[in-house]
Every structure is written in C-alpha cells, then in structure tokens.
Amino acid sequence: MLRPALVALLFSTAAWCQSVGIFLEFDSTPSRAAVEAMKHEVDQLLRPSGVSLKWRLAADNRGSESFANLVLLKFQGKCRADAWTAGLAPRSTRTLGTSKVVNGQVLPFSEVRCDAVKQALSYVRPEADGVERQKALGLAMGRVAAHELYHVLANATAHAVLGLARAAESLDDLVSARPAFFSAETVEAIRKALR
Ligand SMILES: [Zn+2]
C-alpha cells in the first residue's frame with residue numbers, strides 16, 4: 001500500500017522545480033575555489049525547496065536569457081582567504097549579509113559582506129592549507145548567501161526558529177563540517193512563495 005503513494009510523492013517533487021537566475025557581482029576578484037565552494041553549498045541548501053539555481057556573472061549579462069526569478073547577489077570586500085592569523089574573532093555581532101526591503105517587500109538584491117564573513121576563518125584549524133582555507137571561506141559565503149536568498153525567495157523579513165534562516169549564525173557554524181540546513185517550515189515557505 002505504501003509504494004504507490006511513495007511513487008506519487010517522488011513524481012510530484014520531481015515535477016516541480018523553479019529556476020532562479022543568480023547574478024553575481026564582486027567588489028574585487030574572488031578566490032575561484034571559494035566561489036565554487038559557495039555555489040555548491042547554496043545549491044545543496046536550496047535543492048529541497050525545489051529551486052534550481054542558474055549561476056551567472058552580472059558583468060556577462062546581455063539580457064538574452066530569461067528566468068522565472070532573478071536575484072542580484074553582490075559580494076562586498078575581499079572574498080579571498082588571507083594567511084592565517086592567530087586569535088579568535090571578536091564576539092560582537094556583525095552584519096554578514098543584507099537584502100533590500102522596501103515597504104515590507106524583500107527585493108531581489110542581496111549582499112554578502114566578505115570582510116565580516118572572513119572572520120569565521122579563525123575557527124578553521126591552523127594547519128589548514130591555502131586550498132582548505134579558500135574552501136572554508138566559500139562554505140561560509142554560501143551559508144550567508146543562502147540565508148539572504150531565503151529572505152528574497154520566500155519574500156520574508158521574519159526569521160525562523162530553527163536552521164539557517166535563524167536571525168543570527170555563529171561564526172564557527174559558518175565553517176563547521178556539520179551540514180547546514182533549512183528547517184521544514186523554511187523549505188515550505190520558499191516553495192509556497194515561488195509557486
Ligand atoms: Zn536574515
């Protein structure tokens with residue numbers, strides 16, 4: 001009795017998929033390894049919401065492609081891991097990313113602040129080599145970007161109680177090997193808003 005229901009569920013999940021064009025803009029040339037790791041992380045985090053991301057560079061946009069949804073994702077500061085420096089990041093709260101809100105509506109313009117996100121690297125093991133550090137930075141950039149994309153795609157200014165859509169994220173969680181996730185409620189909020 002369970003099998004037909006399962007098949008139907010799989011079919012309906014596979015049949016519904018929204019493509020979202022993400023146009024990237026960088027203040028300064030980022031680390032390629034960090035950008036690849038960032039894309040991979042965001043793709044993974046948004047897949048359960050039925051979102052298929054099409055990554056593009058804003059500078060390459062000729063307006064020849066059309067997407068159901070578009071987001072301009074800007075990276076401010078230097079998205080490149082520097083040499084390791086001793087000491088943990090300050091415990092004060094800093095803004096890692098923002099999205100534009102006008103009259104209660106979240107507009108498709110998000111920003112990730114790399115110089116603030118980079119502080120998470122103080123939680124990467126000191127022996128980590130250059131590639132590992134760039135990948136860790138990419139993971140952190142991806143988690144912050146995914147949080148901002150939640151606001152835009154769900155058109156939500158509020159935060160969730162659980163998961164990556166919470167109001168604050170600790171810096172060590174941004175580079176943690178423990179997978180980040182959106183709660184079931186957040187996944188549903190994104191799906192509902194895109195439908
Ligand atoms: Zn937020």
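Strand E1 (residues 18–26) runs parallel to strand E3 (residues 69–76), and seven bridges join the two. Two strands are said to pair if DSSP finds at least two bridges between them. This is a predicted model, in which local features need pLDDT of at least 70 and side-chain atom pairs count only at pLDDT 80 or more, while totals for chains, interfaces and linings use all residues. Residues are numbered from 1 along each chain as its sequence is written.

**Overall layout**

- The protein chain has six helices and five strands. Helices (H or I, at least four residues) and strands (E, at least two) are DSSP runs, numbered from the N terminus.
- Along the sequence, the pattern of the protein chain reads α-β-α-β-β-β-β-α-α-α-α.
- The protein chain has 195 residues, and 34% of them count as buried. A residue is buried if 20 or more other C-beta atoms lie within 10 Å of its own, exposed if 12 or fewer, and partly exposed in between, with C-beta atoms placed from the backbone.
- Among the contacts in the protein chain with a separation of 6 or more, 78% are between residues 24 or more positions apart. Two residues are in contact if their C-beta atoms, placed from the backbone, lie within 7 Å.

**The sheet**

- The five strands make an open sheet with mixed pairing, in the order E2-E1-E3-E5-E4.
- Strand E2 (51–57) and strand E4 (97–102) are the edge strands, and each pairs on one side only.
- From one strand to the next, the twist averages 25°. Axes here are lines fitted to C-alpha atoms, for helices over the stretch in contact, and angles run from 0 to 180 degrees between N-to-C directions.
- E4 and strand E5 (residues 105–113) run antiparallel and are joined by five bridges. Gly97 stands opposite Val112 in E5, and the bridge partner of Thr98 in E5 is Glu111.
- E4 and E5 form a hairpin with two residues between them, and Asn103 in the turn has a positive phi of about 50°.
- In a regular strand the side chains alternate between the two faces of the sheet.

**Helix H4**

- Helix H4 (residues 130–153) has 24 residues and should span 34 Å at 1.5 Å a residue, which agrees with the 34 Å between its end C-alpha atoms. The expected span is 1.5 Å times one less than the number of residues.
- H4 is largely enclosed by the rest of the structure, because 21 of its 24 residues are buried.
- Asn155 follows H4 and has a positive phi, near 45°.

**The largest nonpolar core**

- The largest nonpolar core has 45 residues, of which Val117, Ala140, Met141, Ala145 and Leu149 touch the most other members. A nonpolar core is a set of buried Ala, Val, Leu, Ile, Met, Phe, Trp, Tyr and Cys residues joined through C-beta atoms within 7 Å.
- The elements that give two or more residues to this core include E1, helix H2 (32–46), helix H3 (114–117) and helix H5 (171–174).
- H4 gives the largest share of this core, 12 residues.
- Apart from neighbours within four places in sequence, Ala140 is in contact with Val117, Ala120, Leu174 and Val175.
- In soluble globular proteins, nonpolar side chains tend to be buried together.

**Helix H6**

- The buried residues of H6 include Thr186, Val187, Ala189 and Ile190. They lie on the same side of H6, because they cover an arc of only 160° around the axis. The arc is that of the directions from the helix axis to the C-beta atoms.
- On the other side of H6, Ala184 and Lys192 are exposed.
- The buried residues of H6 pack against E2 and H4.

**Two single residues**

- Phe23 is in strand E1, and it counts as partly exposed because it has 19 C-beta neighbours inside 10 Å.
- Leaving out residues up to four places away in sequence, Phe23 touches Arg56, Ala58, Asn61, Leu70, Leu72 and Leu73. The C-alpha atoms of Phe23 and Ala58 are separated by 4.8 Å, although the two are 35 residues apart along the chain.
- Asp43 is in helix H2, and its 16 C-beta neighbours inside 10 Å make it partly exposed.
- Asp43 and Trp55 are 12 residues apart in sequence, and their C-alpha atoms are 9.8 Å apart in space.
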